[in-house]
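Q: I have a model open and would like to learn how to read some of its features. Can we go through them one at a time?

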Amino acid sequence: MLTIPRRAHGVTDLRGPSRQTVELAGRTPTARSAASRSLGLALIVISAAQLMIVLDSTIVNVALPTVQRSLQFSTADLNWLITAYAVTFGGLLVFGGRTGDLYGKRRMFIIGVATFAGASLLAGLANSEVWLIIARGLQGIGAAIAAPTALSLITSNFREGELRNRALGVYAAMSGGGGAAGLLLGGILTDLVSWRWIFFVNVPIAALILFLAPRVLDESDHASGRLDIPGALTVTGGVLSVVYGLSNAATYGWVSPATLVSLAAAALLLAWFGLIETRTAAPLVPLRMFKDRVRGATYAMMLSQGVAAFSMFFFLTQFLQNIMGWNPLQTGIGFVPITAGVVLSATLTSRFVGRIGIRPPLLVGQAAVVVGLALLSRVTISGSYADILVALLILAPGLGMQFVTLTLTAVRVARADETGVASALLNTAQQLGGAIGLSVLASVAINATEGQLGLSAGSAGQLQTTGAINAAATTYGYATAFQVASVIELFGLLISAVVFGVPPRWLTDRFLGLAPFLPTRERSPQTCSVLECAE
């Protein structure tokens, strides 16, 4: 059997054939065909689960006004349809990933999908706002178990090399395109059927996944040790407090008692978590994982990517419906270009990343997102969809390239018994980036809007503004939010340039002092890591 050379830091050369490819090549044609079909079904099951979970992050957005009228939601409580899902999803991701490592990834994947399906059924049957909010929280719990185990199942079912690259490309395409596809599907179901079907649609998909998963997915080895319950409680409580505090800030302000108490509790719980993890024999999150410079930077970049993706979907949806007067279906159709662009760019990136390395698509992708968000910050009340389309056509390939390269990088050096935690941390970074970003940017947009309204009212010499002035001020708020999101993504690009770009050594040594943190230029003629291959 072919042995794939590895570099000293443990990164496998992705240019050469994978072991799985070699094994398939040594089988009879019938055996190879059966094995390929099994791998294909495994990828379908994993990708379908990820698509279902990501869809639910955005599918509710376009249905919010309809749900509000149907269940008589108050304006103050309506945001909990988004927050309840984000809080439980983001808060329990690390815990869900660790359960997969300890008790079996396939088993926990099935439990997570089943929980998600049951919660979706309850949400579709809801007849009150409390019922629906609780069901959304339960959906987040199921997603927190299923999402990290789905990603880690790729590493346990597809050996490192070309096959895993392609599998991760499909997974990344589902992650990247799923958010935009959720807006389209939400608009179609809300306009043509009922808002309840944005939840019911998950049930048959989950049923098919639950039927196929035990038949096509291999169970992973179980890690030894026990579940770190104190660590799980403190980190989950800390993340829940962060997300709740930031979500509350967008509605009630940064100095409200609930916001301050939540953020203070978050700081205390996360500090306690760090202390626990340094003293326990079987930590929930081994702190040594963050000693890897590249993976630590990857999590930081995923935070900025979450800000970009979540803010783009949220504020652009509001602009299309509140300013341009589009209905949910039209809004969903308006996002088709970015859905197609993300899926196409993710697929192409996964095919060529083994040849060109991670650096080029990562840097180009992040630069494209910065430019796209900057173009969206120029929206005006008199603008047209054509102006938005230009920005979307630049954003889409950038997001697709980011999803693939960051996913590959995050799991590249994880030990077999830690891939669940590594996957969970990647998903957590994206969710927290989105939650934190939306909370901050919502406050930015509100303050910008109020400031603009004050200027307009003062200049007009009247207390009440007209509808046109309100719309113009609201658009200014959206544009300001896009501008800040572009700056945040620019910081992510700078991190990529430092960690992956390898600037001239004389510059890093003499002026920036970054030499200890940068990858070496030395390469072996026989091997080349996916992070360093650029030709």
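Q: Which residues in helix 12 are buried?
A: This is a predicted model. A residue counts as buried when its relative accessible area is under 20%. In helix 12, that holds for Thr259, Ser262, Ala266, Phe273, Ile276 and Glu277.

Q: How many residues does helix 12 have, and what is its reach from first C-alpha to last?
A: Helix 12 runs over residues 257-279, which is 23 residues. Its reach is 33 Å, close to the 33 Å expected at 1.5 Å a residue.

Q: How many aromatic pairs does a search of the whole structure find?
A: The search finds 7 aromatic pairs. One of them joins Trp195 and Phe199, edge-to-face, with 6.3 Å centre to centre and 90 degrees between the planes. Edge-to-face is the term here because the planes are over 60 degrees apart.

Q: Are Trp195 and Phe199 buried or exposed?
A: Trp195 is buried, at a relative accessible area of 5%. Phe199 is buried too, at 1%.

Q: What sort of aromatic pair do Trp197 and Phe200 form?
A: Trp197 and Phe200 are edge-to-face, 5.4 Å centre to centre with 75 degrees between the planes. Both belong to helix 9 (residues 197-200) and are 3 residues apart, so about one helical turn separates them. Trp197 is partly exposed at 40% relative accessibility, whereas Phe200 is buried at 16%.

Q: Which residues do ring pairs link into a cluster?
A: The cluster consists of Phe315, Tyr478 and Phe482.

Q: Where does the charged end of Arg215 sit?
A: The charged end of Arg215 is over the ring of Phe211, 4.1 Å from the ring's centre.

Conventions:
Residues numbered from 1 in each chain as written. Predicted model: local features only at pLDDT ≥ 70, side-chain atom pairs only at ≥ 80, totals over all residues. Heavy atoms only, no water. Helix = DSSP H or I, 4+ residues; strand = E, 2+ residues; numbered from the N terminus. Expected span 1.5 Å × (residues − 1). Buried < 20%, exposed > 50% of the residue type's maximum accessible area, 1.4 Å probe, protein only. Phe/Tyr/Trp six-rings, centres within 6.5 Å; stacked < 30°, edge-to-face > 60°. Lys NZ or Arg CZ within 6 Å of the ring centre and 35° of its normal.
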